[in-house]
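Okay everyone, thanks for coming. Let me put the structure up on the screen, and then I'll walk you through a few parts of it.

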Amino acid sequence: MEFKVPFYTYGNIYDELDIEQIKSLISSYDNKIKYKLRDEFEKKFSEYIGCKYAISVSSGTAGLHLALKAMNIKKGDEVITTPITWVATANSILLCEGKPVFADIDKDTLNISAESIKEKINSNTKAIIPVHHLGHPCEMDEINKIAKENNIKILGDCALSIGSEYKGKKIGNEEGDAHVFSFHTQKNISTLGEGGMITTNNKKIAEYADIYRNHGIVYPDRHNYKNERIKTNPWFRECIGPGYNYRLGEFQCAVGVSQLKKLEEFNKKRRGLVEYYSELLKDIKGIELPIEKDYAKSSWAYYIIKIKENEFGINRNKLFIELNKRGIGCHVHYTPIHYFEYYRNLGYKKGICKNAEELYEEILSLPLSPIMNKKDVKTVVNEIKNCKTNP
Ligand SMILES: Cc1ncc(COP(=O)(O)O)c(C=O)c1O
């Protein structure tokens, strides 16, 4: 179906700057390039975030998995996270043979609630993964305090928060052990569809991620690793563990560099559209608008409204279907993870996170991307009004 305003904007965020990057890499691609663009992208990303280390990976999911491994999450360890996230967050815990424990969310920001985290902690709890949902930072001071008091690690899921700030500091550089970004197509910047980045100020985590994204291979100079075999066999590279191939390719890193140059402009455009959405929607009964707390600067990865059926007249499901029929793309972020069949079979039951379950029935993500304009926003809002008056 042809959408008047599509939800997905695959491909459209690339322009001449990205094309030039790719062309220039193709014309100079030889064995001298090696990881030049990867090094450049990582350096520029760490400078932007303000952290010591940035390690590029093939996806946000790869980054979450690798970072949890670097934190030594293993069989039986419990990791607390939110059910309102992409399934990758919890899957990465299962991939380490850990146990995801779902804490409930705050109703206003849809972010994991510090109070609920406290209730879920026990002696098996080894880490917390706060997800900065829709790009709005979690209450990190409270979460960091809980982590410190209980000697628990923190891995920030920053997939949606490229450019977000918590109390004036970039997300990805606040306290916590590591943070993971995604450059999947629908994120604030993208490295040709897939990609991710781990940021950290912890040298050990950075080194682990660097080695294990590349099969567990150590290099004499890069990792200061020398043994007898290397001395006698100069070609030899040691493998110190069963790593992965989670590397991000040179061409994707090249585009990461050009995308990063445009990030602030992209995010500014998003913010402008968000303000326009809120202005046009504010007087419609039955629609609750997303908020930005005093301490927060959101990247506005998504614009999520809540539909209050009693006042709006129709429920979220009906509105979703009607908007689609009228050529407006929309989505729901996210289905609570414990609703998925695999998780149900693991024993997770409805009722474990009341706020998340209640809000799941109401949330609707409207189209938002830097390639949209005010006219698109107006079209979306007009159709929402039409659905209300003529469902
Ligand atoms: C909150 C969240 N975490 C993790 C991921 C996984 O990122 P990727 O798709 O790059 O693997 C996503 C991607 O949609 C996400 O939205």
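**Around the ligand**

So, let's start with the shell around the ligand: its residues divide into 5 nonpolar, 8 polar and 1 charged. Before I go on, please keep in mind that this is a predicted model.

Which residues come nearest to the ligand? Of the 14 residues around it, those are Ser 59, Gly 60, Thr 61, Ala 159 and Ser 182. If you look for helices here, find H3, which is 60-70, and H4, which is 87-95; each of them supplies at least two residues of the shell.

**Two domains**

Okay, zooming out. The domain assignment gives this chain domain 1, residues 16-260, and domain 2, residues 263-389. Taken over C-alpha atoms, the centres of the two domains are 27 Å apart.

How many residues are in contact between domain 1 and domain 2? On the domain 1 side there are 30, and they're in contact with 28 residues of domain 2. And which elements give two or more residues to that side of domain 1? They're H4, strand S6 (165-166) and helix H9 (250-281). By residue type, the side of domain 1 that touches domain 2 divides into 15 nonpolar, 9 polar and 6 charged.

**The core**

Now for the inside. The largest nonpolar core has 106 residues, and Ala 67 and Ala 209 touch the most other members. H9 gives this core its largest share, 8 residues. The core also draws at least three residues from each of domain 1 and domain 2.

Leaving out residues up to four places away in sequence, Ala 67 touches Leu 155, Ala 178, Val 180, Ile 198, Ile 205 and Ala 209. As a bit of background, nonpolar side chains tend to be buried together in soluble globular proteins.

**One histidine to finish**

Last stop: His 331, in the loop between helix H11 (316-325) and helix H12 (341-345). Is His 331 buried, exposed or partly exposed? It counts as partly exposed because 16 other C-beta atoms lie within 10 Å, while buried would take 20 or more and exposed would be 12 or fewer.

Its contacts, again not counting residues up to four places away in sequence, are Phe 7 and Ser 365. Now compare His 331 with Tyr 342: they're 11 residues apart in sequence and 22 Å apart in space, C-alpha to C-alpha.

Methods:
Residues are numbered from 1 along each chain as its sequence is written. This is a predicted model: local features need pLDDT of at least 70, side-chain atom pairs count only at pLDDT 80 or more; totals for chains, interfaces and linings use all residues. A residue is near a molecule or strand if its C-beta atom, placed from the backbone, lies within 6 Å of it. Helices (H or I, at least four residues) and strands (E, at least two) are DSSP runs, numbered from the N terminus. Ala, Val, Leu, Ile, Met, Phe, Trp, Tyr, Cys and Pro count as nonpolar, Asp, Glu, Lys and Arg as charged, and the others, Gly among them, as polar. Domain bounds come from an automatic or database domain assignment. Two residues are in contact if their C-beta atoms, placed from the backbone, lie within 7 Å. A nonpolar core is a set of buried Ala, Val, Leu, Ile, Met, Phe, Trp, Tyr and Cys residues joined through C-beta atoms within 7 Å.
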